[in-house]
Amino acid sequence: MKHRLKNKLNTVVELTSLLDVIFIVLMIVICNQQINLEEKGHDVEAAYEEAALLTAEAEAALSEAEDLRAEAEAEKALFEEHREKFEDVSSQMTTVTVIIDYQPSNLRTRTIRLMADADAPETITITPETENDAYTKFEEKLEDLVTQAEASDKPVVISIDMTRILYRDELRAEEVLSAVYGRHGNLFYRKSAEK
C-alpha cells in the first residue's frame, strides 16, 4: 500500500503543452473579436454615411417641395386676382360660345349648340331638309342676344369652336355672323381651335 501511494505522489503532470494550446486558442478568439469589431465599425461608418446621404436627399426634396408650394400659392393668388378681374369684366359683357359639329357616323345630321353666359345650351339640329331653317333660327337667336346686350350697352363676345365642323357649316356660320355684325356694332367673334 505504501508503494501505491508513493507512485501517485511522484507522478508529475506536464501542463505546458496544454497551456500552449489554451494560449493559442485564446489568441485566435481575441483576433477574431478584433476583426469582427473592425468589420462592425466599417458597417457602422457605412450606415452613418448612407444616413447622411439620405438626410441630404430628404432635405433637398423638402426644399424643392417648399419651393413648389410657394410657387403654387403665388399662382393661386394670381389666379384669384384674375378671377376677380374676370368676374368684373364678364359682368360688363355677354359671352357666347358656339359649337357646330357633326358625328362621323352621320354626316347628314349636324348640331349647333349655342350657350350664352351661364345659361343652358340651346341645340339646333341641322339636316339637309332643315338646313336653311336651322341657320335662320341660329341667326335669330344671335340677333336676340346681341340686341339684348346692346340695350344694356354691353359688347357680345362670341367664340366659335372649329374643331369638328364641316366646311359648308363654317361658311354658313360666317355668313350669319357677318350679317349680325353688319347690323350691330357691339359684336366681336373669333374662331377657336382651327381644324
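**Note on salt bridges and the nonpolar core**

1. In this predicted model, arginine 108 and glutamate 129 are joined through their side chains by a salt bridge, at 3.3 Å from N to O. The pair links distant parts of the chain, since arginine 108 belongs to strand 2 while glutamate 129 sits in the loop between strand 3 and helix 3, 21 residues apart. Glutamate 129 is exposed, with a relative accessible area of 61%.

2. A salt bridge also connects glutamate 122 with lysine 141, whose closest N and O atoms are 3.5 Å apart; here too distant parts of the chain are linked, strand 3 holding glutamate 122 and helix 3 holding lysine 141, 19 residues apart. Glutamate 122 is partly exposed at 25% relative accessibility, and lysine 141 is partly exposed at 27%.

3. The structure holds one aromatic pair: the ring centres of tyrosine 135 and phenylalanine 138 are 6.4 Å apart and their planes stand at 75°, so the pair is edge-to-face. Both residues lie in helix 3 (residues 131-151), three residues apart, or about one turn of the helix, and both are buried.

4. The largest nonpolar core has 25 residues, of which Val96, Val98, Ile112, Phe138, Leu142 and Ile158 touch the most other members. Helix 3 gives the most to this core, with seven residues. Leaving aside neighbours within four places in sequence, isoleucine 112 has contacts that include Val98, Ile124, Tyr135 and Phe138.

Conventions
Residues numbered from 1 in each chain as written. Predicted model: local features only at pLDDT ≥ 70, side-chain atom pairs only at ≥ 80, totals over all residues. Heavy atoms only, no water. Phe/Tyr/Trp six-rings, centres within 6.5 Å; stacked < 30°, edge-to-face > 60°. Helix = DSSP H or I, 4+ residues; strand = E, 2+ residues; numbered from the N terminus. Buried < 20%, exposed > 50% of the residue type's maximum accessible area, 1.4 Å probe, protein only. Core = buried A, V, L, I, M, F, W, Y, C linked by side-chain atoms within 4.5 Å. Contact = heavy atoms within 4.5 Å. Salt bridge = Lys/Arg side-chain N within 4 Å of Asp/Glu carboxyl O.
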